[in-house]
Amino acid sequence: MTFSTLALVLILGLVGPLLSWRAAWHVPVILGELVAGILFGATGFGVLHAGDPLFSFLADMGFALVMFVAGTHVPVRDPSVHAALGVGAVRAVLVGVFAAAAGFFLADWFGTGHGAIYAVLIASSSAALVLPIIDSQGLRGRSVLELTAQVAVADTACIVALPLVIDVGNAGRATLGALAVAAAAAVLFVLLRYLERSGLRKRAHEVSEDRKFALELRVSLALLFAMAALATRTHVSIMLAGFAAGLAVAGVGEPRRVARQLFAVTEGFLGPLFFVWLGARLNLREFGEQPRLIALGLALGVAAVLAHGLMRLLGQPITFATLAAAQIGVPVAAVTVGTQLHVLVRGEASAMMLGALVTIAAAAVGSALAARRGSAADGDGSGGGSAE
C-alpha cells in the first residue's frame with residue numbers, strides 16, 4: 001500500500017458523507033463508503049486490492065474501533081432503559097426464535113448449510129445504527145425505551161453468538177476465547193471504575209488537557225488493541241474484543257473529550273478505510289455466476305424485517321419494529337470473519353451485505369414514518385415521538 005492508495009481510499013471515504021448529506025434520506029454514511037469500495041475494488045475497476053497486507057491490517061484496526069464505538073453506544077447506564085429491559089429482552093428472544101426458523105429454512109432452501117449464521121443475522125439489530133436515528137429524529141416515549149432495550153440485548157447477544165456459529169468445528173475453542181475476552185473486559189471495567197471513583201482519571205485528564213498529552217486517547221487505544229491482541233491469540237474475532245471493550249467503557253461512562261477524540265480517529269480515518277476495504281473485498285460479479293444468491297440476499301433482508309415486524313403482535317409499533325431490524329455490525333462481522341476463515345460459499349458474502357442493505361432501507365422508511373407521526377402528535381397536542 002502506498003500513500004497514493006491511502007489518499008485514494010480516504011477520498012473515496014468522502015462518498016459516504018456526500019450520500020448522507022440530506023438528513024431526510026436517512027442514508028447511513030457507511031453505505032457510500034461500501035459503494036465506493038465496490039466500484040474501485042474487485043467488482044469494479046480493480047484499483048484497490050483488499051489482499052494487500054498493510055491495507056488489511058489497517059482495516060482490522062478500523063474494524064476494532066468501529067465495534068468499540070458500537071459498544072459505547074449501548075446505553076448500559078441509562079436507568080430508564082433498565083426499566084424497559086424486560087419487555088425489550090422478551091421481544092429480542094422471540095425475534096430470535098422466528099429468526100432461527102427462518103435461517104435454517106433459507107439455508108436448506110439455498111443449500112448453503114449455514115442456518116445458524118443466517119439465524120444470527122436475521123435476529124440481529126445494530127445499536128450503532130438505531131440509536132443515532134432515534135436521537136436525530138427526536139423520538140421519545142416508552143415504546144422508544146423498549147426499542148432501545150431490545151436493540152441493546154439483540155446486538156450484544158448476536159455479536160457474542162456469531163463467532164460460535166460461524167466456525168462450528170472450533171466452537172469449543174471459540175467459546176474459551178470468548179470467555180477470555182469477556183473476562184478481560186470485566187477486568188477493564190473494574191479498572192476503569194476504580195480510576196474514575198478514585199479521582200485518578202480526573203487528575204490525569206487535567207494534566208493531559210493542560211500539557212496537551214492526549215493521555216486518555218493513548219490509553220484507550222492501547223487497551224483496545226491489547227484486547228484485540230488477546231482475541232487474535234485466542235482465535236476469536238476482533239469484533240468481540242472491540243465490542244466488549246466498548247461495553248466496559250459504556251458501563252463506567254466515557255469522558256466526552258475521549259469520545260470526541262475516538263470519534264475523530266474512527267470516523268475520520270480508520271472507520272471509512274475499513275468500509276472502503278470491505279467494499280473492495282466484495283466481488284459482486286459472483287452474482288452473475290450464481291444469480292440465485294441475489295434471491296438469498298433479498299430473502300435474508302426480508303426475513304429480518306418480517307421477524308422483527310411480528311413484534312407488532314405484542315404491541316410494538318410497526319415503525320419501531322421495522323427500525324429494530326436495521327443491521328450492519330453483525331453482517332459486516334460475518335462477512336469479514338467468514339471470508340477470513342473460508343467458510344462462506346462463493347458469493348455468499350455479497351448476499352449477506354445485500355440483506356443488510358434491505359434492512360437499512362426498511363429502517364429508513366420506518367424511522368421517517370415514526371418521526372412524521374410523532375410530529376403530527378405534537379401538532380395535535382397529544383405528545384410527541386411515541387409513534388404508537
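Let's start with a term: helices (H or I, at least four residues) are DSSP runs, numbered from the N terminus, as are strands (E, at least two). What you're looking at is a predicted model, where local features need pLDDT of at least 70, side-chain atom pairs count only at pLDDT 80 or more, and totals for chains, interfaces and linings use all residues. Residues are numbered from 1 along each chain as its sequence is written, and side-chain values use heavy atoms, with hydrogens and water left out.

How far does the predictor trust itself? pLDDT is its confidence in each residue, from 0 to 100. The protein averages 86, and 95% of the residues score at least 70. Helix 7 (residues 115-123) has the highest confidence, at a mean of 96, while helix 8 has the lowest, at 74.

Now for the open space. A pocket is found on a 1 Å grid over the protein atoms alone, as an open set of points where a 1.4 Å probe fits, with protein on both sides within 12 Å along at least five of seven lines; a cavity is a set the probe cannot get out of, and lining residues have an atom within 4 Å of a point. Grid points are joined across faces, edges and corners, and a volume is the space filled by probe spheres set on the points.

The largest pocket holds about 1000 Å³ of space. It has 45 lining residues, and those closest to its centre are Val29, Ala128, Leu129, Pro132 and Glu267. Helix 14 supplies the largest share of this lining, ten residues.

Helix 19 gives the most here, with three residues.

Met352 turns up again in the largest nonpolar core, a group of 107 residues in which Leu162 and Met352 have the most contacts. Such a core is a set of buried (under 20% relative accessible area, 1.4 Å probe, protein chains only) Ala, Val, Leu, Ile, Met, Phe, Trp, Tyr and Cys residues joined through side-chain atoms within 4.5 Å. Contact means heavy atoms within 4.5 Å. Beyond its neighbours within four places in sequence, Met352 is in contact with Ile117, Tyr118, Leu121, Leu300, Pro331, Ala334, Val335 and Leu344.

How values were computed
Buried < 20%, exposed > 50% of the residue type's maximum accessible area, 1.4 Å probe, protein only. pLDDT = per-residue confidence, 0-100.
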